[in-house]
Amino acid sequence: EDHPTIAIEREKLWPLIRATPNLDWQLLTKRPERIAQCLPSDWGDGWPNVWLGTSIENNDYVHRADHLRENRAFVRFISYEPALGPLPDLRLEGIHWTIFGGESGPGYRPADLQWARDLRTRCQENGTAFFFKQSAAPRTEMGIELDGQIVREFPA
């Protein structure tokens, strides 16, 4: 359950999101099972300017995508950040976008670029946009190429 302050801030945010249809809002959570209870009463099939996403850092958390798919949204996305292991069990049906990002900063953990290649291939097969943000590195935005290419697709 939310701390009361978080619920109050979220209730202040929905009118702003509603009033800015020209902006795309990406709402990301590690607890997608709670999304439905946090959406506004007029959500319906979703708002065109709101993208719902969840973080999945390794195969232990692919169940989060199942919870994400339970919610109506114009765009549902997976933030595979920091990528800490392969995602062989991730189903991409109903997912519009995936973002791969290796961990950055002091003490960053390595990411195998084969994980990104495998996910990119599966995204291509499924019609899911694939965004390669970065390799694991000491600083953000280091290693933005995957196999010599910048791959930064967005959902249609």
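Colleague: What does Leu 90 touch, leaving aside its neighbours within four places in sequence?

Modeller: This is a predicted model, and in it Leu 90 is in contact with Ile 56, Asn 59, Val 62, Ala 65, Leu 119 and Arg 122, once neighbours within four places in sequence are set aside.

Colleague: Which residues touch the most other members of the largest nonpolar core?

Modeller: Leu 90 is one of them, along with Trp 43, Leu 52, Phe 100 and Phe 130. That core has 32 residues.

Colleague: Which elements give two or more residues to this core?

Modeller: Those are α1 (4-19), β2, α3 (63-69), β3, α4 and β5. The most comes from α4, which gives 4 residues.

Colleague: And what is in the second, separate core?

Modeller: That one has 7 residues, including Val 75, Phe 77, Trp 97 and Ala 129.

Colleague: Now the sheet. What is the strand order?

Modeller: β1-β2-β3-β4-β5, in an open sheet of 5 strands with parallel pairing. The edges are β1 (25-29) and β5; each has a single partner strand, so one side of each lacks a neighbour in the sheet. On average, neighbouring strands are turned by 25° against each other, direction ignored.

Colleague: How many bridges join β4 to β5?

Modeller: There are 5 bridges between β4 (residues 97-101) and β5, and the two strands run parallel. Thr 98 stands opposite Phe 130, and Phe 100 has Phe 132 as its bridge partner.

Colleague: Which helix packs on the sheet there, touching β3, β4 and β5?

Modeller: Helix α4 (residues 113-126) does, and its direction makes about 160° with that of β5. Together, β4, α4 and β5 make a right-handed β-α-β unit.

Colleague: Back to β5, then. Why is it largely enclosed by the rest of the structure?

Modeller: Because 5 of its 6 residues are buried. As a strand of the sheet, β5 still stands at an edge, with a single partner strand.

Colleague: Is Ser 135 buried or exposed?

Modeller: Buried: its relative accessible area is 14%, and the cut-off for buried is under 20%. Leaving aside neighbours within four places in sequence, Ser 135 is in contact with Gly 102, Glu 103, Leu 113, Met 142, Gly 143 and Glu 145.

Colleague: Switching to rings. How many aromatic pairs are there?

Modeller: The structure holds 10 aromatic pairs. In one of them, the rings of Trp 51 and Trp 97 have centres 5.3 Å apart and planes at 90°, so that pair is edge-to-face.

Colleague: Which strands do Trp 51 and Trp 97 lie in?

Modeller: Trp 51 is in β2 (residues 50-55) and Trp 97 is in β4, so the pair ties together parts that are 46 residues apart in sequence. Trp 51 is buried, at 8% relative accessible area, and Trp 97 is buried at 3%.

Colleague: How are the rings of Tyr 80 and Phe 100 arranged?

Modeller: Their centres are 5.1 Å apart and their planes are at 90°, so this pair is edge-to-face. Tyr 80 lies in β3 and Phe 100 in β4, so the parts tied together are 20 residues apart in sequence. Tyr 80 and Phe 100 are both buried.

Colleague: Which residues do ring pairs link into a cluster?

Modeller: Trp 51, Phe 77, Trp 97, Phe 131 and Phe 154. Phe 77 and Trp 97 are also among the residues of the second core.

Colleague: Last topic, the backbone. Which peptide bond is cis?

Modeller: The one from Glu 81 to Pro 82, with omega near -15°. Pro 82 is in the loop between β3 and β4.

Colleague: And which residues have a positive phi without being glycine?

Modeller: Glu 141 has a phi of about 70°, and Asp 147 has one of about 55°. Most residues other than glycine have a negative phi, and most peptide bonds are trans.

Technical notes: Residues numbered from 1 in each chain as written. Predicted model: local features only at pLDDT ≥ 70, side-chain atom pairs only at ≥ 80, totals over all residues. Heavy atoms only, no water. Buried < 20%, exposed > 50% of the residue type's maximum accessible area, 1.4 Å probe, protein only. Contact = heavy atoms within 4.5 Å. Pairing = 2+ DSSP bridges. Axes fitted to C-alpha atoms, helices over the stretch in contact; angles between N-to-C directions. Right-handed = clockwise from strand over helix to strand, strands pointing away. Phe/Tyr/Trp six-rings, centres within 6.5 Å; stacked < 30°, edge-to-face > 60°. Core = buried A, V, L, I, M, F, W, Y, C linked by side-chain atoms within 4.5 Å.
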